[in-house]
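This briefing is for a reader who is seeing the structure for the first time. The sequence and the model come first, and the notes follow by topic.

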Amino acid sequence: MTIHSLDLLIASLEKARRESTSPGYAVPNLWRNGATGISVVDPFDYFSETLDAIGNAPPAKLDAGPEESGWSASAIVYNLFVRYDAAFDHNRDGQIGTDALAEGFRETGTLLKAITMLPYIRRMGVNTLYLLPLTSIGSVNRKGSLGSPYAIKNQYRLDETLGEPALDLSLETQLKALVEAAHHLGMRVVFEFVFRTSSIDSDWIEQHPKWFYWIKSSEGLPPYAAPAFEDDKLTRIYEQVDKHDFHELPEPDEAYRNRFVPAPEKLALGEHGYSGATADGEPCVIASAFSDWPPDDRQPPWTDVTYLKLHDSPRFNYIAYNTIRMYDEALERPEFRASALWREITGIIPWYREQFGIDGAMIDMGHALPPELKASIVAEARRAAPEFAFWDENFDPSPKLKEEGFNAVFGSLPFVIHDVLFIKGLLNFLNRNGVAIPFFATGENHNTPRVCHNLAGKEAGRRRALFLFTLGAVLPAMPFIHSGMEICEWQPVNLGLNFTDDDRERFPAESLPLFAPASCDWAESNGLEPLCDDIRKVLAIRSRYFELVRCGDKGSITQPYISETQLLTVMRKSGGRNLVFAGNSNFEEPVTGTMEFGQQEMELEELISGRTLTVTDHKLVIDFAPGQCVLFELPDTTEEQC
């Protein structure tokens, strides 16, 4: 296992040390030894010693996973947004600065700091690192002071803020070192890729203007905005899409469609982006993006990004739901494919795989790409690496996605966590339909509210986080830690899904961590005990029952009877073993519940605490503390009563 780039990083630190003196530099103890609080260190000593410890550790084996399923089936994921999650107030002045400190190190997150976090992440039992986009960010209409990582200016260049000025090394070498270090510690690495949009000032615009949508910009025209549909059209749109009928989908009105023009021959880049002129001299600009589904969504426009024009058809030369997501079937003819753009897109993941040695890809909005393009992306990436993993931002872990070559999906758990009845409904759905590929076992990601968001108290948030993680660990899913969940971080990263108008007033877009300097509360863990030890314990139990847990067969996720509706039970049955989860979804009050069994007397080991649960007269009575979960194995001959 090569660690060549990691060695270069260590040598660069030593060279920088000889050329600089450094004052005190604060780092969170959590990253160092698992404790709360901070330590003031010499940054060169801290980074050098941590990297040396990683390099000198015995190389760990990468988990290959079950032969028939691939390594994703055994993945335990830590989701890292490097610029935010590896950020810290190193000079303790109360803010995250964007300029490097005197010693040459940044306070915003960098690849070097992400490397130093790897031992901390690994100690929790994680074996897969999933990184949000690392690519360069556009500057036109930038959201916040740092911009969105999804406003990609150049697919082959990295965000310059991810490098440490103190290092005399390219960003590419620093990223290679991160992947090498992760592999050395036994962790695979997955990158997220964005293929549906680019920044409004993308480098591709000047090279390939026909890959983009252009609109008239003459004076007197109304402001450009998403198309509006009348009620009867909206009804028809929903009816057709629900029936998967994409023949002659309703189009925006003629005035909206006529706003779009062919790509200009000559372009100019100004303060507000690229502009040009049509063949008859009318001014035009790139059309910015907006939320395209549902068709009456009224989210604010996405002015920092634009849609890539994945089809080249004169009739459909406009942006709407039927040209960029729910593709009208007339677009699906091969002659309308933007072939050069498709070839460019399909070459991106293989380049990253070859350059950096990554193990898999998460495709942002993959469900909204043309199916033929998505198939080409998968096939090309696996041409020389059949074990390369693909994850899809889809919600149903269906056999269809498995047939398309995907190894995991985002899933629906974050959308049901606010109500135990909704969780029970999702589990019933999964039990009836089966789980063909794993989904993310998480209650949050960077686009949803945090698990601890909008709860009555901090302790309730901690209990909910552990409840959901424990539940997810017994499902045919990938345990998934959205960075900060383990310290009960409550501030959302982005206001994407499931947020209220009050949330949008409380968290202005320009202040959100997806767009601006920010840090999790690594020093004090939001005044709570971190969940790291609890996570490690739950994952150890999951490992003992891995073959049972990963089974996604129909009928393998039952919900035994328990006497209180606030309590949730799940029984996993496979291979002659039965594992039972029972938990209290009331995170503020204790609840007592009774389960019934065919066997009259029985003693059961509670796997989390080690205590004994006693069945008497066919009944098991459990006194649950707020949010408490229990796990126990039943003998195969035991039958629960419905």
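Proline 508 is found in the loop that lies between H17 and helix H18 (532-544), where helices (H or I, at least four residues) and strands (E, at least two) are DSSP runs numbered from the N terminus. This is a predicted model, in which local features need pLDDT of at least 70, side-chain atom pairs count only at pLDDT 80 or more, and totals for chains, interfaces and linings use all residues. Residues are numbered from 1 along each chain as its sequence is written, and side-chain values use heavy atoms, with hydrogens and water left out.

**Proline 508**

- Proline 508 has a relative accessible area of 32% and is therefore partly exposed; buried means under 20% relative accessible area, exposed over 50%, and partly exposed in between (1.4 Å probe, protein chains only).
- Between the C-alpha atoms of proline 508 and histidine 446 there are 16 Å, and the two are 62 residues apart along the chain.

**Sheets**

- Strands of a sheet pair through backbone hydrogen bonds, either parallel or antiparallel.
- Two strands are taken to pair if DSSP finds at least two bridges between them.
- Another open sheet is formed by 5 strands with antiparallel pairing, in the order E10-E9-E13-E12-E11.
- Strand E10 (260-261) and strand E11 (267-270) are at its edges with a single partner strand each, so one side of each has no neighbour in the sheet.
- E11 pairs with strand E12 (residues 273-277) in the antiparallel sense over 4 bridges, and alanine 268 has serine 275 in E12 as its bridge partner.

**Strand E27 and its partner**

- Strand E22 (residues 577-584) runs antiparallel to E27, and 6 bridges join the two.
- Glycine 583 has cysteine 629 in E27 as its bridge partner.
- Strand E27 (residues 629-634) is largely enclosed by the rest of the structure, because 5 of its 6 residues are buried.

**Cysteines**

- A search of the whole structure finds 0 disulfides, a disulfide being a pair of cysteine sulfur atoms within 2.5 Å.
- Cysteine 532 is in no disulfide, and the nearest cysteine sulfur, that of cysteine 488, is 9.7 Å away.
- Cysteine 532 has a relative accessible area of 10% and is therefore buried.
- Cysteine 629 is in no disulfide either, and the nearest cysteine sulfur, that of cysteine 488, is 14 Å away.
- Cysteine 629 is buried, with a relative accessible area of 9%.
- Cysteine 488 itself is in the loop between strand E19 (478-482) and helix H17 (501-506), and is buried at 3% relative accessible area.

**Backbone geometry**

- Most residues other than glycine have a negative phi, and most peptide bonds are trans.
- Cysteine 488, a residue other than glycine, has a positive phi near 60 degrees.
- Aspartate 617 is not a glycine, yet has a positive phi of about 55 degrees.
- Aspartate 617 lies in the loop between strand E25 (612-615) and strand E26 (619-624), and counts as partly exposed at 44% relative accessibility.
- The peptide bond from tryptophan 293 to proline 294 is cis, with omega near 0 degrees.
- Proline 294 lies in the loop between strand E13 (283-286) and strand E14 (305-307).

**Threonine 135**

- Threonine 135 is in strand E5 (residues 135-137) and is buried, with a relative accessible area of 7%.
- Leaving aside its neighbours within four places in sequence, threonine 135 is in contact with residues including Pro149, Ile152, Arg157 and Tyr352; contact means heavy atoms within 4.5 Å.
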